[in-house]
Amino acid sequence: MKERFIVIGGDAAGMSAASKARRENSKLEIIVLEKGGWASYAACGLPYYLKGNVKNIEDLIAIQPEIFRKERNIDLRLNHEVTRINPEKKIIVAQSPQGEIELTYHKLLISTGAKAVKPKIKGIDSHGVFFLRDIASAIKIKEYLAERAPKSVLIVGGGYIGLEMAEAFYSLGMSVQIVELLPHLLNSFGLEIAEVVEKYIKNYVRLHLGRRVNKIREIDTGKLSVYVSTEQDKQQEDIDTEMLLLATGIVPEVILAREAGIKLGPSGAIVTDEFGETNMPDIYAVGDCAEVTSIVTNQNTYIPLALTANRNGRAVGSTIGGKKTHLSPVAGTAVVKVFQLEVATTGLMDIEVAQKYGFNPIKNTIDSRSRAGYFPGSKPIKISLMADRNTKKLLGCSMVGEEGVAKRIDIVATALYSKLTAEQLENLDLAYAPPFSPVWDPVLTAAKVLNGKLEGKH
Ligand code: FAD
């Protein structure tokens, strides 16, 4: 029998692994089992499909199943849900359209991703309540929008998916409200940046910060009444809406791993070694179901993002194909478009979390501009930068502005990767011309002021 590599989950991590394993090893038998009817799709594009920027759902498929099968010799099986892993016998059990099947493996990859958190709210299964996690859930939303043309939506959760969807619904002409349990939107980006986003988004959306959804009631066909209150129920409000989107976060999809006795970390995601192998020999895990190593703390953490899934999937594919390849540590670099605002973050921005990791953090926020101040079209940029007082090394950065943020964050991501100090960041030779930045790029200014504070000069 040929050496067989089985992949559970056929999206970013799984298909990257399968493709890379094939490139490294033409003799391997590769089988991918995907429970849904789609593989290799861009979940990140779903808000833009719902908004209408992306016209066809098919456009979100990076590589068609037939290409995997014919050109890459990968046996991709859709509508196959793996229900059990037996690590002792090296067997997986799956439910296929033809009934239950069993397959043996030599190497196994768990790339089952994450699932949306379903909060315990009375009435959560009401008609008109949606999640957005995959293509199937996006199609349900699209159909509801087409059939009912709702005029209002309540979004529960002020993270990046909630905010992207706020823009999408608003651009469809709907009135949008967001309920967020925490006192701020985009909590992990830091207070200074969150406040800019909140002030800005109020032009488009009604915000309910520090509020919890307690109950959802269907009052009529296509009409919901949502009971929203503060934590201690001091203030309450019944909000009428025609649609509700739950964007309350995700948890790693680890049920198969847990039942097979595979080790999970404190985050609930799968723990692996530097090659993505779990505590069970020949079983690997990467993507949104697994922990990663933080470039800042050097510790395991859970940061589920697309590039990590693709890159680490590729690394495991390479290892299984015969070329041992380390997983990459991550900085957690993320960017989100909130209407015209670009909001971005990298590394650690929470002082308390940084202290828990033993750092002595100092954070400073500056205001600068996207282009030379005199140049037409120049827009404000706010940057928060954090470093460790003891080592002076950078810990993280967040920024917000209407221009020049989305890619400027990558300078700091690179600095984190290179373990630069605030002073070294200040001394980088960055490109300058008036239409693109002030002579002191906003990142350099942020580093200069923070370094001054570290040196006790400010
Ligand atoms: P997934 O993409 O979740 O794929 C896992 C696959 O496993 C699924 O297809 C699932 O059906 C399958 N599966 C699960 N269990 C089984 C089983 N038992 N048997 C068989 N198959 C199974 N990230 C960014 O970096 N930038 C963004 O802008 C961004 N935007 C996003 C917007 C939205 C709306 C969403 C939902 C996510 C976004 N992400 C973004 C996150 C990004 O999509 C994920 O990090 C990435 O898809 C993770 O890839 P994955 O392969 O690990 O998991």
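This is a predicted model: local features need pLDDT of at least 70, side-chain atom pairs count only at pLDDT 80 or more; totals for chains, interfaces and linings use all residues.
Colleague: What makes the chain as compact as a globular protein of its length?

Modeller: Start with the make-up of the chain: twelve helices and 25 strands. The radius of gyration is 23 Å, and the globule rule gives 23 Å for 458 residues, so the chain is as compact as a globular protein of that length. Along its principal axes, the C-alpha trace spans about 70 × 60 × 40 Å.

Colleague: What share of the 458 residues is buried?

Modeller: Buried residues make up 51% of the chain. The cut-off for that label is under 20% relative accessible area.

Colleague: Why is Tyr144 called buried?

Modeller: The relative accessible area of Tyr144 is 4%. Buried means under 20%, so Tyr144 is buried. Tyr144 sits in helix 4, residues 135-148.

Colleague: Why does Thr345 count as buried?

Modeller: Thr345 has 7% relative accessibility. The limit is 20%, and 7% is under it, so Thr345 counts as buried. Thr345 belongs to strand 22, residues 341-347.

Colleague: How do you know that the side chain of Thr345 has a polar contact with Cys397?

Modeller: A polar atom of the Thr345 side chain lies 3.3 Å from the backbone oxygen of Cys397. The cut-off is within 3.5 Å, so the pair counts as a polar contact.

Colleague: His80 lies in a loop. Why is His80 called buried?

Modeller: That loop runs between strand 3 (75-77) and strand 4. The relative accessible area of His80 is 9%. Under 20% is buried, so the label holds for His80. A polar atom of the His80 side chain is also 2.7 Å from the backbone oxygen of Leu78.

Colleague: What makes Pro361 buried?

Modeller: Pro361 has 8% relative accessibility. That is under 20%, so Pro361 counts as buried. Pro361 is in strand 23, residues 361-369. Pro361 and Arg389 are 28 residues apart in sequence, with their C-alpha atoms 5.9 Å apart in space.

Colleague: Why is Gly358 called exposed?

Modeller: Gly358 has a relative accessible area of 58%. Exposed means over 50%, so Gly358 is exposed. The residue is found in the loop between helix 9 (351-356) and strand 23. Gly358 and Gly14 are 344 residues apart along the chain, and 35 Å separates their C-alpha atoms.

Colleague: Why is Ala149 called partly exposed?

Modeller: Ala149 has 43% relative accessibility. Buried is under 20% and exposed is over 50%, so 43% falls in between and Ala149 is partly exposed. Ala149 is in the loop between helix 4 and strand 10 (152-156). Ala149 also has a positive phi of about 40°, although it is not a glycine.

Colleague: Why does Lys392 count as partly exposed?

Modeller: Its relative accessibility is 29%. That value lies between 20% and 50%, so Lys392 is partly exposed. Lys392 sits in the loop between strand 24 (380-388) and strand 25 (394-401). Lys392, not a glycine, has a positive phi of about 70°.

Colleague: Now the ligand. Which residues are closest to the ligand?

Modeller: The closest are Asp11, Ala13, Glu34, Asp288 and Ala306, and 30 residues surround the ligand. By class, the shell has 18 nonpolar, six polar and six charged residues.

Colleague: Which helices and strands each supply at least two residues of the shell?

Modeller: They are helix 1 (12-24), strand 4 (81-86), helix 5 (160-171) and helix 8 (306-321). By domain, at least three shell residues come from each of domain 1 (4-115 + 251-320) and domain 2 (129-248).

Colleague: How much of the ligand's accessible area does the protein cover?

Modeller: On its own, the ligand has 1000 Å² of accessible area, and the protein covers 91% of that.

Terms used:
Residues are numbered from 1 along each chain as its sequence is written. Side-chain values use heavy atoms; hydrogens and water are left out. A residue is near a molecule or strand if one of its heavy atoms lies within 4 Å of it. Accessible areas come from the Shrake-Rupley method with a 1.4 Å probe; for residues, only the protein chains shown count as cover. Helices (H or I, at least four residues) and strands (E, at least two) are DSSP runs, numbered from the N terminus. Ala, Val, Leu, Ile, Met, Phe, Trp, Tyr, Cys and Pro count as nonpolar, Asp, Glu, Lys and Arg as charged, and the others, Gly among them, as polar. Domain bounds come from an automatic or database domain assignment. The radius of gyration is taken over C-alpha atoms; the globule rule is 2.2 Å times the number of residues to the power 0.38. Buried means under 20% relative accessible area, exposed over 50%, partly exposed in between (1.4 Å probe, protein chains only). A polar contact is a pair of N or O atoms within 3.5 Å; within protein, one must be able to donate a hydrogen and the other to accept it, and residues adjacent in sequence count only if both atoms are side-chain atoms.
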